[in-house]
Amino acid sequence: MADAYPWQDSLWQHLAGRPRHAHAYLLHGPSGIGKRALADRLMARLLCQSPAGLDACGQCKSCLLLAANTHPDAFVLEPEEVDKAIRVDQVRELVEFVVQTAQLGGRKVVLLEPAEAMNLNASNALLKSLEEPSGDTVLLLVSHQPSRLLPTIKSRCVQQACPLPGKTQSLAWLGSALPDAAPEELHELLVLAGGSPLSALRLEGQGVRAQRAEVVEGVKKLLKQQVGASQLAEGWNAVPLPLLFDWFCDWAQLMLRFQLTRDETGLGLADMRKVVQYLADKAPQHKVLAMQDWLLQQRQKVLNKANLNRVLLLEALLVQWASLPGPG
């Protein structure tokens, strides 16, 4: 059975309780909120031969085949490698599946995630199936970045927004998943995950709080001239580059916000508040703006998997960071 999360209750009732289902849905929203689990749950419900209310029964032949990943009328399309594109020949296999007759005599269901991973040729190859799917076929597209999808893809789907759960609900769920964590630790994890509870749980499993503490301590030593940029850059090998750039982008944004508002309540997590305020007081605003622009550009290169020299990139970042309070 697919996972069911409490913040999806009303959304699930809306989706599963429809008297007639659309031929294509686009489930979109931030990462780490359970969109894939929602799509898996809906696929099971659509294929089930004896639904138990709004959920699949879990016992019929269809449910057992789906649980064993051998259902002949279910098709899951994902990138062949993590963070790689979905290619046109993969979508052609999907199209061939759609035109076939359902082997169990019911629906066929396609689940595609993430939809934005399709390149242009793959997206175009999908359009006809989205517009005129054969037989009783339902396509479930999951997207974390719907702005990257072709308008023609989005217009052929029923678009269903999947919002972030509220902070109270997220913390309650995270607390049940991490019963030994203190409330302040749960709050920190949720902030680091941008409010996404599943991302927060994943980050905890990766040891992100220890990594962040190491980075924060390094930044403080850098500003006190107790350590050099190259030494720090080489020492952060275990910290993922996307996380590093997320943190530094966030700190630059907090500096600018403080410079504009002088609001001390908006200085971010406690571990960096004094540093952010110090830099905001000392650094000219134009230098902070330039730093933020540079960080955003480099972050995009990191996310695009550009061929970057990690140590040189971090060293350049830290040299600029250390120079913020200086002249200019």
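Biologist: Across which strands does helix H1 (residues 9–16) lie, and at what angle does it run to S5?

Modeller: Helices (H or I, at least four residues) and strands (E, at least two) are DSSP runs, numbered from the N terminus. Angles run from 0 to 180 degrees between N-to-C directions, and axes are lines fitted to C-alpha atoms, for helices over the stretch in contact. Here H1 lies across S1 and S5, and its direction is at about 165° to S5. This is a predicted model, in which local features need pLDDT of at least 70, side-chain atom pairs count only at pLDDT 80 or more, and totals for chains, interfaces and linings use all residues. Residues are numbered from 1 along each chain as its sequence is written, and side-chain values use heavy atoms, leaving out hydrogens and water.

Biologist: How many helices and strands does the protein chain have, and what box do its C-alpha atoms fill?

Modeller: The protein chain has 15 helices and 5 strands. Along the principal axes, its C-alpha atoms fill a box of roughly 75 × 45 × 35 Å. There are 328 residues, of which 45% count as buried (under 20% relative accessible area, with exposed over 50% and partly exposed in between; 1.4 Å probe, protein chains only).

Biologist: In what order do the strands form the sheet?

Modeller: Strands of a sheet pair through backbone hydrogen bonds, either parallel or antiparallel. In this case the 5 strands form an open sheet in the order S2-S3-S4-S1-S5, with parallel pairing. S2 and S5 (158–161) are the edge strands, each pairing on one side only. From one strand to the next, the twist averages 15°. Two strands pair if DSSP finds at least two bridges between them: S1 (residues 24–28) is joined to S4 by 5 bridges, and Leu26 has Leu141 as its bridge partner in S4.

Biologist: Which way do the side chains of S3 point, and are they buried or exposed?

Modeller: In a regular strand the side chains alternate between the two faces of the sheet. In S3, Lys108, Val110 and Leu112 point one way, Val109 and Leu111 point the other way, and all are buried. Because 5 of the 5 residues of S3 (residues 108–112) are buried, this strand is largely enclosed by the rest of the structure.

Biologist: How many bridges join S3 to S2 and to S4?

Modeller: S2 (residues 74–77) runs parallel to S3, joined by 4 bridges, and Phe75 stands opposite Val110. The chain passes from S2 to S3 through helix H4 (residues 88–99) in a right-handed β-α-β crossover; with the strands pointing away from the viewer, the path from the first strand over the helix to the second runs clockwise. On the other pairing, 5 bridges join S3 to S4 (residues 137–143), again in parallel, and Leu111 is partnered by Leu140. Helix H5 (residues 120–131) carries the chain from S3 to S4, also in a right-handed β-α-β crossover.

Biologist: How do helices H7 and H9 pack?

Modeller: Two packed helices are described by the angle between their axes and the distance between the axes. H7 (residues 167–177) and H9 (residues 197–205) pack at about 35°, with axes 9 Å apart. Ser170, Trp173, Leu174 and Ala177 of H7 meet Pro197, Leu198, Ala200 and Leu201 of H9, where contact means heavy atoms within 4.5 Å.
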